[in-house]
Amino acid sequence: MNQDTLKEISFKDTGSTEGKQSYELRKVLIVHSYDEDWSWDINTEKGIIDGFEDKGYILNMDYTLQTFYMDTKKTYVTPEQIEERAEQTIDIIEDFKPDIVFVNDDNALKYVAVPYSIDNPDKKLPFIFSGINTDPEKYDGIDSLEKPGHAVTGALERFPYYQAFSLAKRIFPNATKIVLFADHSSSSNFLVNAFNERYLEAINNSPLEVIDVVQMSTFQEWKESVEEYQNKTDFLGILTYHQLKDKEGNVTSPSEVVEWTINNSNLPEIGFLQFHAEDGFWSAVGISAYKTGKYIGRIGGDILNGKDPANISIIDPNLVDVVFNLARSKMLGIDIPADILGLATEIYQEIK
Amino acid sequence: MRLNIQIKVIILIMIVLLIALGANTSISSIQFQEDYRDALQTGVVNIGENLKETIDDMLDLGFNLNNIPGLNEICKDIVYRHESVDYCFVIDTNMSVLNHNDPSYIGKVVTGFTSLTVDSNQEVTVDMYSFNGNEFYDFALPLFDKNSKYIGSIRLGLPVDIIDAKLNQLVGKSILLLIASFVVAAMMSIVLIRSTTRPLRQLMEGTNELSKNNLDYTIEIKSNDEIGILASGFNRMAKDLKKSRGELEDYSKHLEKKIMERTKDIQTKVDELERFKKVVVGRELKMIELKNEIKEINTKLKEGHFNDLD
């Protein structure tokens, strides 16, 4: 009996570990769009490993794992550099010959997974993506969200506005209004457009009325807006604040933005990424990188067990982390009810 | 009605094409419907499993199933985010609704659903249900407490008409594609058939021209197929015919000339004979005259009239 036969017997089975006596370890590659310091990537990877384990695949016993950081947020930022980095990633795929590839965030999907699957349709190498804000149907390798049709599937990343607003309303039953703040980066533009399209135009009976979505280019504009809305709204919704420029045109550090805001505003902030609360804002209701990773890890296990990625719907897994910063809560004089606090996956006691 | 070859071939091609495309569309539609339903069901199961994980986390934190904060909002969030999910609710073992995307259902007892009989089997079950006149695939994900006791279930509804709508959309696209393919194929076959029958028509015209003695008519066919060979044979035949006719005309013209020459020769001979005849006749007359003169002289001599002799 040769190894190929054994592999086929092992992995065409149901997700259990029975019969998984293959002599050859499966190979898993994780490609992150950003760098090792990006906490989203680290937590996603942890989730993938745990999700794989749920399907009976244990790291270094059933599969070997290789991770590659494209580093397209800090170092390789121009389109040419990203392309070059994508070519390196494809070389790694050719050398490592993985059985499955996880791609994290838009650049890894756009520059690696989609072109590779289009250029090598016969290889049918499964790609599973996560952290995708954009609409993946725009890529040729993906037919539709319901039925991707090819070897690329995965999970969408959509900010959980409804749940965030509901939670805020639960804590402050009399609150009615929120304003959203964002910088003017391209990703912020996308977020604002997506918010208008996917939330404002899609949902009825929002728990909070969104009175404005304000985009600012400078830190000075941010300051003025924070002061302007003090008496107009009940919450500050924080989308992005990492690309605000100072008078000289330099990017203001996020910590400076947070520090000024919490010292000059009496409005509780609601962020949509976990690190917003970690940075010092009052709360964050955001997509959980770990849980999303676990979800796509389970999908990966299903695929290794024989499921066709072409028939796995691309969904928004809607896995949310609720995070509070109690130091900021104390500054604002807010007592978070115990049952709500119990929902939190993380609580920060101090401002970063 | 008489149909020429062109029309016959086009009709034949269209029929074959229609059958092939129709069969392909039918098979593809059936396959797509199955794949699409599987994909949607997988998606809904995944959504349900993610919700189950969230609820399990809450249960692990010590919340009771009937008192998990924010679960109604999560259910509503799921329904508004996913077109494939029409309802999302949580029921206890008495089939009483604990949480629902539509809070007006909370506290009501659901009837018509089969209660899950799950003790050790934690698999998702799928059944078809009709609700408010609409059909749903109902996905039930059992929930267990810390002691693995069955305490309720998550129910997610996938509307059957989504699959039908998608299939109709696909069939609509297929029909459009079929029509487009049909038109393109028809145009191509017309072009192809015309390119085949045009030389035949030229050959027919050529034959007509030949019958009208137009031997200069040639057919311009550059193809190397049988029709091309036939056309070049026709051209060669016309050329040979023309050559033969030319030769015949030449011969005819030559013959006339020869006849004229011969006629002229004969005329000359006739003239010569005439002249000869005249000479001979002249001489004969002269001889007669001479004979008469001799006879007269002899007579005179005999009669002694010597003075009368000249």
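**Reading the packing**

A: The crossing of H5(A) and H2(B) is right-handed. Please keep in mind that the model is predicted.

Q: At what angle do helix H5 of chain A and helix H2 of chain B pack, and how far apart are their axes?

A: In general, a pair of packed helices is described by the angle between the axes and by the distance between them. Here H5 (residues 161-171) of chain A and H2 (residues 71-81) of chain B pack at about 155°, and their axes are 9 Å apart. Angles over 145 degrees count as roughly antiparallel, and H5(A) and H2(B) are therefore roughly antiparallel to each other.

Q: Which residues make this contact?

A: H5(A) contributes Tyr162(A), Gln163(A) and Ser166(A), while H2(B) contributes Glu73(B), Ile74(B), Lys76(B), Asp77(B) and Tyr80(B). By class, the residues of the contact of H5(A) with H2(B) are three nonpolar, two polar and three charged.

Q: How many residues of chain A are in contact with chain B?

A: The size of an interface is often given as the accessible area lost when the parts come together. The description here is by residue contacts: 25 residues of chain A are in contact with 25 residues of chain B. On the chain A side, the elements that give two or more residues are H5, helix H10 (289-304) and helix H12 (338-341). H5(A) supplies the largest share, five residues. The side of chain A that touches chain B has 12 nonpolar, six polar and seven charged residues.

Q: What is the order of the strands in the five-stranded open sheet of chain B?

A: The order is S2-S1-S5-S4-S3, with antiparallel pairing. Strand S2 (97-100) and strand S3 (125-131) of chain B are at the edges with a single partner strand each, so one side of each has no neighbour in the sheet. On average, neighbouring strands of this sheet are turned by 30° against each other, direction ignored.

Q: How many bridges join S3(B) and strand S4 of chain B?

A: S3(B) and S4 (residues 134-144) of chain B pair in the antiparallel sense over seven bridges. Asp127(B), for instance, has Asp138(B) in S4(B) as its bridge partner. H2(B) packs on the sheet, where it touches strand S1 (87-92) and S2 of chain B, and its direction makes about 145° with that of S1(B).

Notes. Residues are numbered from 1 along each chain as its sequence is written. Chains are lettered from A and ligands numbered from 1 in the order in which they are written. This is a predicted model: local features need pLDDT of at least 70, side-chain atom pairs count only at pLDDT 80 or more; totals for chains, interfaces and linings use all residues. Axes are lines fitted to C-alpha atoms, for helices over the stretch in contact, and angles run from 0 to 180 degrees between N-to-C directions. Helices (H or I, at least four residues) and strands (E, at least two) are DSSP runs, numbered from the N terminus. Angles under 35 degrees count as roughly parallel, over 145 as roughly antiparallel, 65 to 115 as roughly perpendicular and the rest as oblique. A crossing is left-handed if the near helix is turned anticlockwise from the far one by less than a right angle, and right-handed if clockwise. Two residues are in contact if their C-beta atoms, placed from the backbone, lie within 7 Å. Ala, Val, Leu, Ile, Met, Phe, Trp, Tyr, Cys and Pro count as nonpolar, Asp, Glu, Lys and Arg as charged, and the others, Gly among them, as polar. Two strands pair if DSSP finds at least two bridges between them.
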